[in-house]
Amino acid sequence: MSYIKPLFPNNVRYGLGTAGEDVSAGHGATLTDHDTFAHADSTAFVFGMFVKDTAQGKMPGIYCCGGIYETDVFEGTLSYGDPLKMSANGKLTKSTAPDTEQVIGQAISVVSGVLRFKLFV
C-alpha cells in the first residue's frame, strides 16, 4: 500500500473539490476542471500530492504549499539533493532538465525504499 506522510507540522492540506478519477496516495495531483483533480503525469502542471486513496467523485485531500514529507511512491534511483518532478506514471522521479521541467520538490534522503523530500508546490 502506498503512502505519503507529513513530517513538518506546518503543511497545508486542500480538501475541497472532487476526484475526477480514482486517485492514489503519494501521486501528483493536477486540476482537470473547476475543483476537480486527477493524477498528474510528466506533462501536467502539478497542484500537490494526494493524501490518501480516494474514489472518483469523492473529495480528495491534497498536500500543497510546501512542507517536508516521506513516501514510498517514487521511481528511479534518487540521491539527496536531487530535484524532483512527476514521472509519466504520476510518481516522483529525478528531474534531468530542471530548467525546462516543473520541479516540484527536492530529495532529502532515500533509505530502505522510503523517500524524504521537500515539496515546493
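**The sheet**

I started with the strands and found an open sheet of six, in the order 1-8-12-11-9-10, with antiparallel pairing. I kept in mind that this is a predicted model.

Which strands stand at the edges? I noted strand 1 (4–6) and strand 10 (92–94) there. Each has a single partner strand, so one side of each is left without a neighbour in the sheet.

Next I looked up the angle. Neighbouring strands of this sheet are turned by 40° against each other on average, direction ignored.

Then I picked one pair. Strand 9 and strand 11 (residues 105–111) pair in the antiparallel sense over two bridges. I found P83 opposite Q106 in strand 11.

**The cores**

I turned to the nonpolar residues. In soluble globular proteins, such side chains tend to be buried together.

How many residues does the largest nonpolar core have? I read 18. M49, L84, M86, L92, I104, L115 and F117 have the most contacts inside this core. Strand 9 (83–86) and strand 12 (114–119) are the elements that give two or more residues to the core. Strand 12 provides the largest share, three residues.

My last entry is a second, separate core. This core has six residues, including A19, V23, A29 and I62.

Technical notes. Residues numbered from 1 in each chain as written. Predicted model: local features only at pLDDT ≥ 70, side-chain atom pairs only at ≥ 80, totals over all residues. Heavy atoms only, no water. Core = buried A, V, L, I, M, F, W, Y, C linked by side-chain atoms within 4.5 Å. Buried < 20%, exposed > 50% of the residue type's maximum accessible area, 1.4 Å probe, protein only. Helix = DSSP H or I, 4+ residues; strand = E, 2+ residues; numbered from the N terminus. Pairing = 2+ DSSP bridges. Axes fitted to C-alpha atoms, helices over the stretch in contact; angles between N-to-C directions.
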